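Here is a short tour of charged side chains and strand pairing in one protein model. Have the viewer open while you read.

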Amino acid sequence: MTALHGKTALITGANGGIGKDVARQLALRPEMGRIYLACRSRQRAITAKAELEGVTGRSIFDIVIMDVADPESVRAGLVGVDGSVDALVMNAGVIGPQSMHLTADGVTIVFATNVLGHVVLLEGLLADGRLGEVAVLAGSEAARGLPRLRMERPSFASTSADELASVIDGSYFAGRRPDFNLAFGQAKYIGALWMAYLARHHPDHRFITVSPGATTGTQASNDIALPLRIAAKYVMPALGISHKLEVGAKRLVDGVTDPTLSSGVFYASAANKLKGPLVDQAEIFPDLANPSFQDHAYEAVHRFIT
């Protein structure tokens, strides 16, 4: 693709669900000149690219093959990104029993996909001086616990780097049955702390964590038990506790485009809510604003990056 005038965005997990709709919504903004679709599957990326061009009427999409669960794949993908990225949307994620398995790097798949690969991606752009304006990490209300969905609130004895590292390599669950829901919430918690750390140390950029909220029409529930898949697809919308795909995607788009959202803040739904207006999660879960915890999260994550 030849260089285009306008801003550049890169979106992980962009071949479907929220990531694909983020690409669609951003492409409808006239200031956008190029959008990289970072995907694991080339064929799915090609299909998504064609569909996005058709629905937006714009030929501004480029494909980057990148598996965020694999740091080397992320580094290889970065080579295919031409120049700087004005907006990075770290959307790719996973949840489910299979996500508790370990990668070749000794990291749980749930952590590698939701956080570690994005650390390599974002910090790679920073190291090269190629992040222009803003980076948005997809968070989740699970980081503060979701009693309505029986998802436990992440809590730690000390929130030390050692304890957080035990989440990353799965040893936190040694001697007991792994809880993939809790592990997902823990990953999102550590990811939000890492983003807040970066915000403190790079005041010339914006680093924002935003939860898309409970969103229908995504692939997030594909790997969980059938009753939970049914609940996500039918029961939650019927009860009015989830919103449509374009609403969840717009939250991440707002993270990119709304200058009133403050760097270092984790935005998600209000207490006991899974949709509705975005609020600062530190008002609900003060741990998220603790600089020591942010430092420990940064240290723990970087123990697994070579």
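Is Asp 295 buried or exposed, or partly exposed? Asp 295 comes out as partly exposed, with a relative accessible area of 31%. Keep in mind that this is a predicted model.

## A link between α6 and α9

Asp 295 has a partner: its side chain meets that of Arg 200 in a salt bridge, at 3.0 Å from N to O. This pair ties together distant parts of the chain, with Arg 200 in helix α6 and Asp 295 in helix α9 (residues 291-302), 95 residues apart. Arg 200 is partly exposed as well, at 39% relative accessibility.

## Bridges inside a helix

Take Lys 49 and Glu 53, whose closest N and O atoms are 2.9 Å apart. Both belong to helix α2 (residues 42-56), and because they are 4 residues apart there, about one helical turn separates them. Lys 49 has a relative accessible area of 23%, which makes it partly exposed, and Glu 53 is partly exposed too, at 22%.

Helix α3 (residues 71-79) holds another such pair, Arg 75 and Glu 72, spaced 3 residues apart, or about one turn of the helix. Their salt bridge has its closest N and O atoms 2.6 Å apart. Arg 75 counts as partly exposed, with 27% relative accessibility. There is also a network of salt bridges, which links Asp 162, Glu 299 and Arg 303.

Side chains of opposite charge can pair when their charged atoms come close.

Which residues does Lys 188 touch, leaving aside neighbours within four places in sequence? The contacts are Asn 114, Ala 138, Gly 139, Ser 140 and Ala 143.

## Strand β2 and its neighbours

Now for some strands. Strand β2 (residues 32-39) has 8 of its 8 residues buried, so the rest of the structure largely encloses it. Strand β1 (residues 7-12) runs parallel to β2, and 6 bridges join the two. Thr 8 is found opposite Arg 34 of β2.

Asp 82 sits in the loop between α3 and β4 (85-90). Which residues does Asp 82 touch, not counting residues up to four places away in sequence? They are Arg 34, Tyr 36 and Arg 130. Arg 34 is the β2 residue that Thr 8 stands opposite. As for Tyr 36, it is 46 residues from Asp 82 in sequence, and their C-alpha atoms are 9.8 Å apart in space.

Notes
Residues are numbered from 1 along each chain as its sequence is written. This is a predicted model: local features need pLDDT of at least 70, side-chain atom pairs count only at pLDDT 80 or more; totals for chains, interfaces and linings use all residues. Side-chain values use heavy atoms; hydrogens and water are left out. Contact means heavy atoms within 4.5 Å. A salt bridge is a side-chain nitrogen of Lys or Arg within 4 Å of a carboxyl oxygen of Asp or Glu. Buried means under 20% relative accessible area, exposed over 50%, partly exposed in between (1.4 Å probe, protein chains only). Two strands pair if DSSP finds at least two bridges between them.
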